[in-house]
Amino acid sequence: QLAKILQAGVMARHIVATVDEIPPGQRRLVNVNGRDIGIFNVNGEYFAVSNRCPHEGASLCRGRVVCLV
């Protein structure tokens, strides 16, 4: 089933929190299918990324949230 979704270019959706549970400037670490995912609220916009820093391998959810981009 997952292979068919990936081939179709469709992202899977998972409910991990309500908007009230992640206020602006905050984040939440969740586990989806064995993968740690960081959910970030940046000025009311939500972003989900792998919780692993590609440069150092550290947890992104343990760092500060700063808007540099």
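## Strand pairing

Strands β2 and β3 pair in the antiparallel sense over 6 bridges; two strands count as paired if DSSP finds at least two bridges between them. Strands are DSSP runs of E with at least two residues, numbered from the N terminus. The model is predicted: local features need pLDDT of at least 70 and side-chain atom pairs count only at pLDDT 80 or more, whereas totals for chains, interfaces and linings use all residues. Residues are numbered from 1 along each chain as its sequence is written, and side-chain values use heavy atoms, with hydrogens and water left out.

Val32 stands opposite Arg35 in β2. The hairpin of β1 and β2 has 2 residues between the strands, and there Asn33 takes a positive phi near 50°.

## The sheet as a whole

The 3 strands form an open sheet in the order β1-β2-β3, with antiparallel pairing. Its edge strands are β1 and β3, each of which pairs on one side only. From one strand to the next the twist averages 25°, where axes are lines fitted to C-alpha atoms and angles run from 0 to 180 degrees between N-to-C directions.

## Nonpolar core and Ile37

The largest nonpolar core has 5 residues in all: Ile22, Val30, Val32, Ile37 and Ile39. Such a core is a set of buried Ala, Val, Leu, Ile, Met, Phe, Trp, Tyr and Cys residues joined through side-chain atoms within 4.5 Å. Buried means under 20% relative accessible area, exposed over 50%, and partly exposed in between, with a 1.4 Å probe and protein chains only. Strands β1 (27-32) and β2 each supply at least two residues of this core.

Ile37, a core member, touches Arg28, Leu29, Val30, Val32, Ala48, Val49, Ser50 and Asn51, not counting residues up to four places away in sequence. Contact here means heavy atoms within 4.5 Å.

## Surroundings of Asn41

Asn41 lies in strand β2 (residues 35-42) and is buried, with a relative accessible area of 2%. Its side chain reaches the backbone nitrogen of Gly44 at 2.8 Å; a polar contact is a pair of N or O atoms within 3.5 Å, and within protein one must be able to donate a hydrogen and the other to accept it, while residues adjacent in sequence count only if both atoms are side-chain atoms. Leaving aside neighbours within four places in sequence, Asn41 is in contact with Ile22, Pro23, Pro24, Gly25, Gln26 and Tyr46.

## Cysteines and Arg62

The structure holds 0 disulfides, a disulfide being a pair of cysteine sulfur atoms within 2.5 Å. Cys53 counts as buried at 16% relative accessibility, and Cys61 is buried with a relative accessible area of 13%.

Arg62 is found in the segment after β3 (45-50). This residue counts as exposed, because the relative accessibility of Arg62 is 76%. Arg62 and Asn51 are 11 residues apart in sequence, and their C-alpha atoms are 9.2 Å apart in space.

Key. Helix = DSSP H or I, 4+ residues; strand = E, 2+ residues; numbered from the N terminus.
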